[in-house]
Amino acid sequence: MGNISSVLKAKRKELGLTLAQIAEKIGVTEATVQRWESGNIKSLRHERIAKLADILGVTPAVLMGWDEPTAPTLPSPTITEDTVTFPVITSVAAHYDGVSIDESAAGEKIEVPRAYLKGRKAEDFCAMRVRGDSMYPTFQNGDIVLVLRQSTMNHSGEIGVISYGDDEMTIKRINYVDGEDWLKLVPLNPAYPPRRIEGVDLESCHIIGIPQVLIREY
């Protein structure tokens with residue numbers, strides 16, 4: 001009881017409390033509190049430890065001299081200085097009526113850790129901003145996607161960035177059948193219908209690439 005007696009005495013005096021006042025708050029006799037303060041009691045019930053600690057404005061651990069629980073130590077985040085800066089060159093219209101807008105004149109840029117490129121060259125990518133909500137919830141309005149440039153899809157059903165019509169660009173799931181002259185642009189948001197492009201309209205379609213990294217600001 002050595003620690004409790006020293007803490008009790010010091011904190012009681014600091015707070016200007018009498019032995020009688022503490023005894024009344026806890027529901028014991030003044031003589032009992034006197035024995036606690038003199039160290040003549042070997043043990044104390046948990047509920048009285050909690051009450052006494054609360055009165056004195058300390059934790060039960062401090063009152064009893066126990067080791068204070070420590071918060072888990074989280075590893076410090078790794079902040080890399082090896083980044084690549086991409087201009088956000090084109091808005092990606094995530095709806096059918098949107099027209100791409102060259103934003104490079106506005107000077108918008110995004111820094112991406114080089115590790116995200118997975119060993120590829122920076123020129124193999126471009127950064128684009130999503131407009132609209134047809135690809136919600138995977139791609140949301142305002143998101144930036146880092147797109148791996150390639151002129152063909154890897155397989156039907158893959159999500160890609162495609163240019164079609166009057167330089168309109170969009171990000172969609174792209175369905176097709178090898179050897180047939182059509183493709184279907186499928187939104188992820190069920191509120192939007194798929195769009196089929198076929199025949200001569202296919203001549204204006206150009207695959208820009210495959211989204212690899214999603215960057216979303218909160």
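Modeller: S5 is buried, because its relative accessible area is 12%; buried means under 20%, exposed means over 50%, and partly exposed lies in between, with a 1.4 Å probe and protein chains only. The model is predicted, so to speak of local features requires pLDDT of at least 70, and side-chain atom pairs count only at pLDDT 80 or more, while totals for chains, interfaces and linings use all residues. Residues are numbered from 1 along each chain as its sequence is written, and side-chain values use heavy atoms, with hydrogens and water left out.

S5 belongs to helix α1, which covers residues 2-15. Helices (H or I, at least four residues) and strands (E, at least two) are DSSP runs, numbered from the N terminus. If residues up to four places away in sequence are not counted, S5 is in contact with W36, E37, S38 and G39; contact means heavy atoms within 4.5 Å. Two of these partners, W36 and E37, together with S38, lie within the range of helix α3, residues 30-38.

W36 is among the residues with the most contacts inside the largest nonpolar core, as are I22, V33, L52 and L63. That core holds 20 residues; a nonpolar core is a set of buried Ala, Val, Leu, Ile, Met, Phe, Trp, Tyr and Cys residues joined through side-chain atoms within 4.5 Å. Two or more core residues come from each of α1, α2 (19-26), α3 (30-38), α4 (46-56) and α5 (60-64). Helix α4 gives the largest share, five residues. In soluble globular proteins, nonpolar side chains tend to be buried together.

The setting of S5 can now be widened to the chain. The chain has five helices and nine strands. Read from the N terminus, the order of elements is α-α-α-α-α-β-β-β-β-β-β-β-β-β. Of the 218 residues in the chain, 40% are buried. When contacts between residues at least 6 apart in sequence are taken, 58% of them join residues at least 24 apart.

R195 lies in strand β8, residues 195-198. R195 is partly exposed, because its relative accessible area is 33%. K184 is 11 residues from R195 along the chain, and the C-alpha atoms of the two are 5.5 Å apart.

K118 sits in the loop between β2 (109-113) and β3. K118 is exposed, because its relative accessible area is 70%. Although K118 is not a glycine, its phi is positive, at about 50°. Another loop, between β3 (125-131) and β4 (144-149), contains P137. Y136 and P137 are joined by a cis peptide bond, with omega of about 10°. Most residues other than glycine have a negative phi, and most peptide bonds are trans.

To return to the part in question, S5 is a buried residue in helix α1, and one of the residues it touches is W36.
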